[in-house]
Amino acid sequence: MHSQKIIDHPRRPKPAPIEYAGQWVAWNPERTEIIAHARTFAEVHNAATAASQPNAIFQRVRRLNETIVGRL
Amino acid sequence: MNFFYCPIITLSAQTGDPVLILRPEIPLRLIGTSRSAVSQALVDTGADYSIFPVAIARQLGIALVAGNGPPMTAFGGQQLATWFGDIILEIGSDAECYRWQAHVQFFEFPSPDEESLILGHSGFLDYFTAVFDGEQEILTLTPNGDLPAMKSSDSS
């Protein structure tokens with residue numbers, strides 16, 4: 001278990017809210033706000049481009065029941 | 001370069017309760033022939049190769065060719081047929097930034113909600129000394145002499 005101090009370090013990004021589980025999201029460059037979300041990478045990339053956010057950070061948010069142990 | 005592990009909300013495999021886990025996922029710029037994007041990617045010391053979704057190759061204009069060798073084998077024996085392509089990768093920030101060309105593999109995931117970006121040894125970890133600090137949850141990457149570094153002006 002990690003200490004809250006480690007988790008809350010100001011330079012650590014925030015977790016994606018669970019309502020985006022399984023979706024692709026686009027964060028603003030500071031990773032403080034989700035500016036777009038969609039089912040596919042192409043959709044969210046196009047949405048960020050349309051919003052003039054060339055430096056958006058994309059993330060495919062893990063599904064809640066997803067644990068990675070070397071599976072693609 | 002230090003990268004703070006990325007927090008992820010998941011369900012505990014034991015109890016089913018929501019838990020917060022921290023994983024070495026770092027922002028990676030992927031540069032294709034027509035577009036670029038920054039995406040979170042998992043640094044995975046257990047992966048022989050770096051593997052990205054085919055959907056990203058399509059969106060960024062990366063030409064792919066089929067491999068002639070055997071498929072990749074994932075944990076549990078899952079067989080993965082992959083494609084190959086050349087891509088420019090970049091990590092860091094304005095203060096310290098590294099860009100290189102890599103020959104990586106692409107996998108057509110069955111569904112977009114299964115897609116992942118994996119940074120394995122070939123194309124990534126071979127070029128860095130990596131320290132995974134499990135106490136502070138920070139990944140430190142130091143480039144080594146094998147990194148085929150490019151200048152940022154070498155491409156878009």
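This is a predicted model: local features need pLDDT of at least 70, side-chain atom pairs count only at pLDDT 80 or more; totals for chains, interfaces and linings use all residues.
Local features were taken at pLDDT of at least 70 and side-chain atom pairs at pLDDT 80 or more, whereas totals for chains, interfaces and linings use all residues. Residues are numbered from 1 along each chain as its sequence is written, and chains are lettered from A and ligands numbered from 1 in the order in which they are written.

Chain A contains two helices and three strands, where helices (H or I, at least four residues) and strands (E, at least two) are DSSP runs numbered from the N terminus. The order of these elements from the N terminus is α-β-β-α-β. Along the principal axes, the C-alpha atoms of chain A fill a box of roughly 40 × 30 × 20 Å. Of the 72 residues in chain A, 28% are buried; a residue is buried if 20 or more other C-beta atoms, placed from the backbone, lie within 10 Å of its own, exposed if 12 or fewer, and partly exposed in between. Among contacts in chain A with a separation of 6 or more, 39% involve residues 24 or more positions apart, a contact being a pair of residues whose C-beta atoms, placed from the backbone, lie within 7 Å.

The contact between the chains draws 33 residues from chain A and 33 residues from chain B. On the side of chain A that touches chain B, helix 1 (4-7), helix 2 (41-50) and strand 3 (57-60) each supply at least two residues. Strand 3 of chain A provides the largest share of this side, four residues.

Strand 3 of chain A also pairs with strand 5 (residues 36-43) of chain B, in the parallel sense and over two bridges; strands are taken to pair if DSSP finds at least two bridges between them. Within this pairing, Ile57(A) has Val38(B) as its bridge partner.

In chain B, strand 5 pairs in the antiparallel sense with strand 4 over seven bridges, and Pro27(B) stands opposite Gln40(B) of strand 5. A hairpin of four residues joins strand 4 to strand 5 of chain B. Strand 4 (residues 25-31) of chain B is mostly covered, with six of its seven residues buried. Strand 4 of chain B also pairs with strand 10 (residues 82-92) of chain B, in the antiparallel sense over three bridges, and Arg29(B) stands opposite Glu90(B) of strand 10.

Ser93(B) lies in the loop between strand 10 and strand 11 (97-107) of chain B. Ser93(B) counts as exposed because it has 8 C-beta neighbours inside 10 Å. The C-alpha atoms of Ser93(B) and Met1(B) are separated by 9.2 Å, although these residues are 92 residues apart along the chain.

Notes:
Two residues are in contact if their C-beta atoms, placed from the backbone, lie within 7 Å.
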